[in-house]
Amino acid sequence: MKRFNSKNRLRKYSIKMEKKQETAPVQETDFTGILTTDLELVRREIGHNSDVNIREFKLGYTEIRAAIIFISGLSDKELIDSYILKSLMLNFPAGYSPGHHSMGNSTLKEFMITHVLTISELKEVSTLNELITGVLKGKTALLIDGSPISFILGTIKEKQRQSLFLF
(Lines give C-alpha, C1' and ligand atoms only; values in the text may rest on other atoms or scores of the structure.)
Protein backbone atom coordinates (compact mmCIF):
# COMPACT_ATOMS: atom_id res chain seq x y z
CA MET A 1 0.00 0.00 0.00
CA LYS A 2 1.46 3.34 -1.05
CA ARG A 3 1.65 5.91 1.69
CA PHE A 4 0.32 9.28 0.59
CA ASN A 5 1.81 12.17 2.52
CA SER A 6 2.62 15.81 2.04
CA LYS A 7 5.97 15.09 0.37
CA ASN A 8 4.22 12.96 -2.28
CA ARG A 9 1.69 15.73 -2.89
CA LEU A 10 4.42 18.33 -3.18
CA ARG A 11 6.44 16.12 -5.51
CA LYS A 12 3.37 15.73 -7.73
CA TYR A 13 2.79 19.50 -7.61
CA SER A 14 6.44 20.15 -8.55
CA ILE A 15 6.20 17.72 -11.48
CA LYS A 16 2.95 19.39 -12.55
CA MET A 17 4.66 22.81 -12.43
CA GLU A 18 7.62 21.51 -14.47
CA LYS A 19 5.28 20.09 -17.15
CA LYS A 20 3.37 23.38 -17.18
CA GLN A 21 6.64 25.24 -17.76
CA GLU A 22 7.62 22.85 -20.57
CA THR A 23 4.33 23.24 -22.44
CA ALA A 24 3.98 27.00 -22.20
CA PRO A 25 6.44 29.67 -21.16
CA VAL A 26 5.53 30.93 -17.72
CA GLN A 27 5.00 34.65 -17.59
CA GLU A 28 6.82 36.54 -14.91
CA THR A 29 3.91 38.02 -12.99
CA ASP A 30 4.93 41.02 -10.90
CA PHE A 31 3.28 41.68 -7.57
CA THR A 32 0.86 44.59 -7.43
CA GLY A 33 1.53 45.68 -3.87
CA ILE A 34 -2.14 45.10 -3.01
CA LEU A 35 -2.12 42.25 -0.51
CA THR A 36 -5.55 40.87 -1.43
CA THR A 37 -4.69 40.78 -5.15
CA ASP A 38 -1.24 39.29 -4.61
CA LEU A 39 -2.60 36.55 -2.33
CA GLU A 40 -5.22 35.72 -4.96
CA LEU A 41 -2.41 35.31 -7.54
CA VAL A 42 -0.62 32.92 -5.18
CA ARG A 43 -3.78 30.93 -4.42
CA ARG A 44 -4.60 30.66 -8.13
CA GLU A 45 -1.10 29.37 -8.94
CA ILE A 46 -0.81 26.93 -6.04
CA GLY A 47 -4.40 25.72 -6.17
CA HIS A 48 -6.10 24.08 -3.24
CA ASN A 49 -3.30 22.28 -1.47
CA SER A 50 -3.88 21.57 2.22
CA ASP A 51 -0.13 21.63 2.92
CA VAL A 52 0.19 25.27 1.86
CA ASN A 53 -0.40 27.62 4.78
CA ILE A 54 -1.34 31.24 4.22
CA ARG A 55 -1.50 33.24 7.45
CA GLU A 56 -2.78 36.83 7.30
CA PHE A 57 -2.15 39.28 10.17
CA LYS A 58 -1.36 42.91 11.03
CA LEU A 59 2.11 44.22 11.79
CA GLY A 60 2.19 44.89 15.53
CA TYR A 61 -0.37 47.45 16.60
CA THR A 62 -0.46 49.14 13.20
CA GLU A 63 -3.09 48.74 10.51
CA ILE A 64 -0.51 47.41 8.01
CA ARG A 65 -1.71 44.04 6.71
CA ALA A 66 0.73 41.24 5.91
CA ALA A 67 0.72 37.51 5.16
CA ILE A 68 3.14 34.62 5.28
CA ILE A 69 3.04 31.57 3.03
CA PHE A 70 4.79 28.30 3.83
CA ILE A 71 4.41 24.55 3.34
CA SER A 72 3.82 22.25 6.29
CA GLY A 73 6.47 19.59 6.56
CA LEU A 74 9.05 21.48 4.49
CA SER A 75 9.23 24.65 6.58
CA ASP A 76 10.31 24.82 10.22
CA LYS A 77 7.09 25.84 11.97
CA GLU A 78 8.84 26.54 15.28
CA LEU A 79 11.23 28.94 13.55
CA ILE A 80 8.29 30.64 11.81
CA ASP A 81 6.33 31.01 15.05
CA SER A 82 9.25 32.14 17.23
CA TYR A 83 11.27 34.36 14.93
CA ILE A 84 8.95 35.57 12.19
CA LEU A 85 5.38 35.79 13.48
CA LYS A 86 6.42 36.83 16.98
CA SER A 87 8.69 39.56 15.61
CA LEU A 88 6.06 40.83 13.18
CA MET A 89 3.00 40.61 15.40
CA LEU A 90 4.24 41.17 18.93
CA ASN A 91 7.67 42.76 18.75
CA PHE A 92 6.88 45.21 15.96
CA PRO A 93 7.33 48.64 17.61
CA ALA A 94 4.07 50.11 18.87
CA GLY A 95 5.42 53.59 18.13
CA TYR A 96 5.82 52.87 14.43
CA SER A 97 3.32 55.02 12.59
CA PRO A 98 1.66 53.49 9.52
CA GLY A 99 1.42 56.96 7.97
CA HIS A 100 5.17 57.35 8.46
CA HIS A 101 6.19 54.65 5.99
CA SER A 102 6.38 55.05 2.26
CA MET A 103 6.82 51.94 0.16
CA GLY A 104 8.12 54.08 -2.72
CA ASN A 105 11.01 55.18 -0.53
CA SER A 106 11.30 51.65 0.86
CA THR A 107 11.48 52.93 4.43
CA LEU A 108 9.20 50.18 5.78
CA LYS A 109 11.20 47.59 3.81
CA GLU A 110 14.49 48.88 5.22
CA PHE A 111 12.98 49.06 8.70
CA MET A 112 11.82 45.44 8.43
CA ILE A 113 15.25 44.25 7.28
CA THR A 114 17.29 46.19 9.85
CA HIS A 115 15.03 46.13 12.92
CA VAL A 116 12.27 43.54 12.79
CA LEU A 117 13.15 40.36 10.89
CA THR A 118 15.53 38.35 13.06
CA ILE A 119 16.39 35.69 10.53
CA SER A 120 19.69 35.36 8.71
CA GLU A 121 18.52 34.24 5.25
CA LEU A 122 16.40 36.91 3.59
CA LYS A 123 15.87 37.55 -0.11
CA GLU A 124 13.71 40.12 -1.88
CA VAL A 125 11.57 38.94 -4.81
CA SER A 126 9.15 40.80 -7.04
CA THR A 127 7.53 38.04 -9.11
CA LEU A 128 5.08 35.26 -8.41
CA ASN A 129 7.39 32.62 -9.89
CA GLU A 130 10.26 33.58 -7.57
CA LEU A 131 7.92 33.38 -4.59
CA ILE A 132 6.49 29.98 -5.59
CA THR A 133 9.98 28.58 -6.19
CA GLY A 134 11.12 29.68 -2.72
CA VAL A 135 8.02 28.33 -0.98
CA LEU A 136 8.32 24.96 -2.77
CA LYS A 137 11.86 24.67 -1.40
CA GLY A 138 10.60 25.05 2.17
CA LYS A 139 11.16 28.76 2.61
CA THR A 140 8.55 31.20 3.89
CA ALA A 141 7.21 34.11 1.85
CA LEU A 142 6.26 37.39 3.49
CA LEU A 143 3.96 39.79 1.66
CA ILE A 144 3.16 43.25 3.02
CA ASP A 145 0.25 45.36 1.88
CA GLY A 146 1.55 48.32 -0.10
CA SER A 147 4.77 46.63 -1.17
CA PRO A 148 5.41 45.21 -4.65
CA ILE A 149 8.43 43.44 -3.11
CA SER A 150 8.02 40.22 -1.11
CA PHE A 151 10.54 38.58 1.18
CA ILE A 152 11.64 34.96 1.02
CA LEU A 153 12.85 33.86 4.45
CA GLY A 154 15.09 30.87 5.11
CA THR A 155 12.92 28.49 7.11
CA ILE A 156 13.77 25.16 5.51
CA LYS A 157 13.24 22.35 7.99
CA GLU A 158 16.53 20.66 8.69
CA LYS A 159 16.56 16.90 8.65
CA GLN A 160 17.12 15.37 12.04
CA ARG A 161 20.75 14.50 12.38
CA GLN A 162 21.60 11.23 13.98
CA SER A 163 24.62 11.40 16.20
CA LEU A 164 27.21 8.71 15.84
CA PHE A 165 29.18 8.09 18.94
CA LEU A 166 32.52 6.53 18.24
CA PHE A 167 34.35 5.13 21.19
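The dialogue below goes from the whole chain to single residues and pairs.

Q: What kind of model is this, and how are residues numbered?
A: This is a predicted model, in which local features need pLDDT of at least 70, side-chain atom pairs count only at pLDDT 80 or more, and totals for chains, interfaces and linings use all residues. Residues are numbered from 1 along each chain as its sequence is written, and side-chain values use heavy atoms, with hydrogens and water left out.

Q: How many helices and strands does the chain have?
A: Helices (H or I, at least four residues) and strands (E, at least two) are DSSP runs, numbered from the N terminus. Here the chain has five helices and five strands. Along the sequence they follow the pattern α-α-β-β-α-α-β-α-β-β.

Q: What share of the chain counts as buried?
A: Buried means under 20% relative accessible area, exposed means over 50%, and partly exposed is in between (1.4 Å probe, protein chains only). Of the 167 residues, 41% count as buried.

Q: How do I read contacts, and what share joins residues 24 or more positions apart?
A: A contact means heavy atoms within 4.5 Å. Take the contacts in the chain with a separation of 6 or more. Residues 24 or more positions apart account for 65% of them.

Q: Where does Ile80 lie, and is Ile80 buried or exposed?
A: Ile80 sits in helix α3, residues 77-90. Its relative accessible area is 0%, so Ile80 is buried. Set aside residues up to four places away in sequence. Ile80 then touches Ile68, Phe70, Ser75, Leu85, Thr140 and Thr155. Ile80 and Leu153 are 73 residues apart in sequence, and their C-alpha atoms are 9.2 Å apart in space.

Q: Which strand holds Ile144, and what is Ile144 in contact with?
A: Ile144 is found in strand β4. With a relative accessible area of 4%, Ile144 is buried. Leave aside neighbours within four places in sequence. Ile144 is then in contact with Gly33, Leu59, Ile64, Arg65, Ala66, Leu108, Met112 and Phe151. Now compare sequence with space. Ile144 and Leu35 are 109 residues apart along the chain, yet their C-alpha atoms are separated by 6.4 Å.

Q: Why does Lys139 count as buried?
A: Its relative accessibility is 18%, so Lys139 counts as buried. Lys139 lies in the loop between α5 (128-136) and β4 (140-144). Not counting residues up to four places away in sequence, its contacts include Ile69, Phe70, Glu121 and Ile156.

Q: Which side chain makes a polar contact with the side chain of Lys139?
A: A polar contact is a pair of N or O atoms within 3.5 Å; within protein, one must be able to donate a hydrogen and the other to accept it, and residues adjacent in sequence count only if both atoms are side-chain atoms. The partner of Lys139 is the side chain of Glu121, at 2.8 Å.

Q: How many salt bridges does a search of the whole structure find?
A: Side chains of opposite charge can pair when their charged atoms come close. A salt bridge is a side-chain nitrogen of Lys or Arg within 4 Å of a carboxyl oxygen of Asp or Glu. The search finds six. One of them joins Lys58 and Glu63, with the closest N and O atoms 2.7 Å apart. Lys58 counts as partly exposed at 37% relative accessibility, whereas Glu63 is exposed at 57%.

Q: Which residues are linked in a network of salt bridges?
A: The network links Arg43, Glu56, Arg65 and Asp145. Arg65 meets Glu56 at 3.8 Å, N to O. Asp145 and Arg65 meet at 3.7 Å, N to O. Arg65 is partly exposed at 27%. Glu56 is partly exposed at 39%, and Asp145 is partly exposed at 26%.
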